[in-house]
Amino acid sequence: MKKLFKKVYIEITNSCNLNCSFCSPVKKRTRFMSKAEFEHILKEVAPKTDCIYLHVKGEPLLHPNLIEFLNLASKYHLKVNITTNGTLFPALVDKLSNNQALHKINFSLHCEQNNPNYLLNIFKNVEKTFFR
């Protein structure tokens with residue numbers, strides 16, 4: 001049966017570790033979605049879509065329960081796409097690359113960084129992980 005939505009975006013945190021000029025400032029208090037909230041949302045969206053995107057405003061790799069969230073998505077047979085600024089990718093690469101729910105990782109490469117090697121580091125980590 002065809003699902004109602006091609007994809008559903010879920011903001012698991014509105015917190016970010018960067019302060020890029022293209023993102024509007026967060027005016028409400030920053031927070032991380034609880035596991036109970038996330039599972040409630042999954043129960044609601046699973047009949048309506050096959051794919052969720054973990055990105056709206058915040059940096060999803062900051063969430064301390066990210067791997068558990070991916071495992072919950074797998075339980076509900078949902079594919080997960082993540083959009084990240086890439087700065088936290090090296091610390092999570094092993095856990096992310098082996099997770100069955102993770103369908104795609106998008107790297108936002110237009111973040112402003114004071115680090116001149118920002119893009120080079122992201123490319124090196126992606127190459128090291130996925131093109132061994």
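**View 1. Glutamate 39 and lysine 75 join their side chains in a salt bridge, with 2.9 Å from N to O.** This pair ties together distant parts of the chain, since glutamate 39 sits in helix α1 and lysine 75 in helix α2, 36 residues apart. Please keep in mind, here and in the other views, that this is a predicted model. Side chains of opposite charge can pair when their charged atoms come close. The structure holds four salt bridges, and the next view shows others.

**View 2. Lysine 35 pairs with glutamate 68 in a salt bridge, and their closest N and O atoms are 2.9 Å apart.** Glutamate 37 counts as partly exposed, with 29% relative accessibility, and arginine 31 is partly exposed with a relative accessible area of 34%.

**View 3. Glutamate 59 is buried yet takes part in no salt bridge.** You will find this residue in the loop between β2 and α2. The nearest side chain of opposite charge is that of lysine 57, 12 Å away. What does the side chain of glutamate 59 make a polar contact with? One partner is the side chain of threonine 84, at 2.7 Å. The glutamate 59 side chain also reaches the backbone nitrogen of asparagine 85, at 2.8 Å. Setting aside residues up to four places away in sequence, glutamate 59 touches Thr13, Ser15, Cys16, Asn17, Thr84, Asn85 and Leu88.

**View 4. Histidine 55 is another residue of the loop between β2 and α2.** Histidine 55 is partly exposed, with a relative accessible area of 26%. Its side chain reaches the backbone oxygen of glycine 58 at 3.5 Å. Beyond its neighbours within four places in sequence, histidine 55 is in contact with Tyr9, Ile10, Pro60 and Thr83. Cysteine 16 is 39 residues from histidine 55 in sequence, and their C-alpha atoms are 11 Å apart in space.

**View 5. The largest nonpolar core has 30 residues, and Ile10, Phe38, Ile52, Leu54, Ile82 and Leu96 touch the most other members.** Several elements each supply at least two residues of this core, including α1 (35-45), β3 (79-84) and α4 (118-130). The largest share, five residues, comes from α2. For a sense of the surroundings, follow leucine 54: among the residues it touches, not counting those up to four places away in sequence, are Ile12, Phe38, Leu66, Val80 and Ile82.

**View 6. Helix α3 has the buried residues Phe89, Leu92, Val93 and Leu96.** Seen down the helix axis, these buried residues of α3 fall within an arc of 145°, so they line one face of the helix. An α-helix has 3.6 residues a turn, so residues three or four places apart point the same way. And which exposed residues does the face of α3 turned away from its buried side carry? They are Ala91, Asp94 and Lys95.

Notes. Residues numbered from 1 in each chain as written. Predicted model: local features only at pLDDT ≥ 70, side-chain atom pairs only at ≥ 80, totals over all residues. Heavy atoms only, no water. Core = buried A, V, L, I, M, F, W, Y, C linked by side-chain atoms within 4.5 Å. Buried < 20%, exposed > 50% of the residue type's maximum accessible area, 1.4 Å probe, protein only. Helix = DSSP H or I, 4+ residues; strand = E, 2+ residues; numbered from the N terminus. Contact = heavy atoms within 4.5 Å. Lys, Arg positive; Asp, Glu negative; His and termini not counted. Polar contact = N/O pair within 3.5 Å; in protein donor to acceptor, adjacent residues only side chain to side chain. Arc of directions from axis to C-beta.
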